[in-house]
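Okay, thanks everyone for coming. Let me put the structure up, and then we'll walk through it together.

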Amino acid sequence: MLTRGLTALTGKSEVTSAIQALFVDFNARNGRDGGYQPGEKIAIKLNMNGSGAYDDNDDGLTHESYANAVLVRVLLENLVASGIRPQDITLYDGRRIIPKYMRTNLTLKAGFGKTSA
């Protein structure tokens, strides 16, 4: 789903090329040349409206919806495969918590948050 959407939007045949094209386009519209450069920060606002809607419990138990951890993980993996450094990516929701199971899925299983020497 993510690959189809990004490639259709950009007219590229591969998701990594599509992601780079998004950064080239964004920079061109903002008076800069080229695509992503290491050190540039990328903030991704997740919709976590159903998470911790009534308290600060981070177990993720709710009947309300919010961002899908699998889709977010695929997005992160594709960003990194496109040459974007994990340390330059920030996931956030300014008003809601990100449940523990989601943080675990995005950090441990995908290998994000690890640093190399």
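Predicted model: local features only at pLDDT ≥ 70, side-chain atom pairs only at ≥ 80, totals over all residues.

**A walk through the fold**

Let's start with L76, which sits in helix α3; helices here are DSSP runs of H or I with at least four residues, strands are runs of E with at least two, and both are numbered from the N terminus. L76 counts as buried because its relative accessibility is 5%, where buried means under 20% relative accessible area, exposed over 50%, and partly exposed in between, using a 1.4 Å probe and protein chains only.

Residues are numbered from 1 along each chain as its sequence is written, and side-chain values use heavy atoms, with hydrogens and water left out.

Okay, the overall picture. The protein chain has four helices and two strands, and reading along the sequence you get α-α-β-α-β-α. Of its 117 residues, 31% are buried.

Now the strands. β1 and β2 pair in the parallel sense over four bridges; for two strands to pair, DSSP has to find at least two bridges between them. And I89 again: this residue of β2 is the bridge partner of I42. Along β1, residues 42–45, the side chains alternate.

Leaving out residues up to four places away in sequence, D88 touches Y36, P38, G39, E40, K41 and I42, with contact meaning heavy atoms within 4.5 Å.

α1 (residues 2–10) and α2 (residues 15–29) pack at an angle of about 55°, with axes 9 Å apart. The axes are lines fitted to C-alpha atoms over the stretch in contact, and angles run from 0 to 180 degrees between N-to-C directions. That makes α1 oblique to α2, given that under 35 degrees is roughly parallel, over 145 roughly antiparallel, 65 to 115 roughly perpendicular and the rest oblique. On the α1 side, the contact includes T3 and L6, and on the α2 side, V15 and A18 are among the residues involved.
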